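These are short notes for a colleague who is opening this entry for the first time. Please read them with the model in view.

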Amino acid sequence: MNTLKIDNLELTYKNGHQAIRNISLEIENGMFGLLGPNGAGKSSLMKTIVGFQKPTSGEILFNDVNIVKNPDDIKKHLGFLPQDFGVYPKVSAYNLLDHIAILKGVKDATERKNQIQHLLEKVNLWGFKNKEVHTFSGGMKQRFGVAQALLGKPKIIIVDEPTAGLDPEERNRFNTLLNDISTEVIVILSTHLVEDVKNLCSKMTIMNKGQILKTGTPKDLISELENKIWSKSIKTGDLESYINNYNVISQQLIERELYITVYSENQPSDFEATTPLLEHVYFYALTQTNRS
Ligand SMILES: Nc1ncnc2c1ncn2[C@@H]1O[C@H](COP(=O)(O)OP(=O)(O)OP(=O)(O)O)[C@@H](O)[C@H]1O
Ligand SMILES: [Mg+2]
């Protein structure tokens, strides 16, 4: 079992922006979802874990080693798929993986060859091994990104919004791939899509404005909202008054009719009980930040 322990982490950028505010988390093997809207601080947190930037204060321990003080220790065990991979050089998928494997310290040529073939087969790109990566489609690039993250047999894999921009079929294929690898290692997946977390993650955290709002299993977080979620169809013109009088967590147009969902300890009159979903957990958590 691997463990990643984050203790009272703070990160303030040079311009004074506080991107991570007192975050503490404990993550074990399996898929961990980091869910939050644009600007929440997901990439900031991930880049700090992988050692691209130093936190202003706080500790990160990987299997009891302080990786802020000893960044080389985690580099050997880490795979990272950044949100923005940047520009790919004009080399084939195979040669690029070979190059990255050398950088990751896979020195033995036969071992490198075996790993590369195994990974390219795993991500369904073996047939394209001689094609240059910059000519790949978005989905193929993301699968290539997973292959490079898995080189060197990492114990912790961090993927930053990997499904953004993928069509539904590629997204499913990609998610299945992540699911397969997460049994024996830590996989941290950031996303703003509730659905990715719902389908994949055994544990999750909701983040906004640099803070953790909620952490738990999707199931436990959903059951906390049992008998507290209510909905109603309303006239568009009444929306503002509902927002002022209720804790409205979401609004949705269904066949041109406006439905609102509210959080309330007791049933508000004229509202119908609604089975809580992970979406409600997410939107309720977010309304709590926006109010504070
Ligand atoms: N190098 C930097 N210097 C100053 N501020 C930064 C820097 N990088 C990010 N920020 C700010 O920190 C906040 C968090 O950004 P971050 O990229 O971590 O969010 P995110 O959750 O990954 O968002 P997205 O979903 O859009 O990728 C934002 O307000 C952003 O503008
Ligand atoms: Mg980001």
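1. A definition comes first. On a 1 Å grid over the protein atoms alone, a pocket is an open set of points where a 1.4 Å probe fits, with protein on both sides within 12 Å along at least five of seven lines, and its lining residues have an atom within 4 Å of a point. The model is predicted: local features need pLDDT of at least 70 and side-chain atom pairs pLDDT 80 or more, whereas totals for chains, interfaces and linings use all residues. Residues are numbered from 1 along each chain as written, chains are lettered from A and ligands numbered from 1 in written order, and side-chain values use heavy atoms, without hydrogens and water.

2. The largest pocket has 18 lining residues, and K75, L78, G79, F80 and K104 are those nearest its centre. The largest share, 3 residues, belongs to β6. The volume is about 460 Å³, taken as the space filled by probe spheres set on the grid points, which are joined across faces, edges and corners.

3. What is the lining of the largest pocket by class? It has 10 nonpolar, 5 polar and 3 charged residues. Here Ala, Val, Leu, Ile, Met, Phe, Trp, Tyr, Cys and Pro count as nonpolar, Asp, Glu, Lys and Arg as charged, and the others, Gly among them, as polar.

4. The second largest pocket has a volume of about 330 Å³. Of its 14 lining residues, H118, L119, K122, L150 and K153 lie nearest the centre. Helices α4 (109-122) and α6 (168-181) each supply at least two lining residues, and α4 gives the most, with 5. By class this lining has 6 nonpolar, 3 polar and 5 charged residues.

5. The magnesium ion (ligand 2) is coordinated by S43 through OG and Q83 through OE1, at 2.0 to 2.1 Å. S43 is in helix α1 (residues 42-49) and Q83 in the loop between β6 (78-81) and α3 (93-103), so the pair ties together parts 40 residues apart in sequence. Donors are N, O and S atoms within 2.8 Å of the metal (3.2 Å for Na, K and Ca); water is not among the atoms, so sites may look incomplete.

6. Buried means under 20% relative accessible area, exposed over 50%, and partly exposed in between (1.4 Å probe, protein chains only).

7. In strand β3 (residues 30-35), 6 of the 6 residues are buried, so the strand is largely enclosed by the rest of the structure. β3 runs parallel to β8 (residues 186-191), with 6 bridges, and parallel to β9 (residues 203-208), with 4 bridges; pairing requires at least two bridges found by DSSP. L35 has T191 as its bridge partner in β8 and I206 in β9.

8. An open sheet of 4 strands has the order β2-β1-β4-β5 and antiparallel pairing. Its edge strands, β2 (18-28) and β5 (65-66), each pair on one side only. Strand β4 (residues 57-62) is joined to β5 by 2 bridges, and L61 has N66 as its partner in β5.
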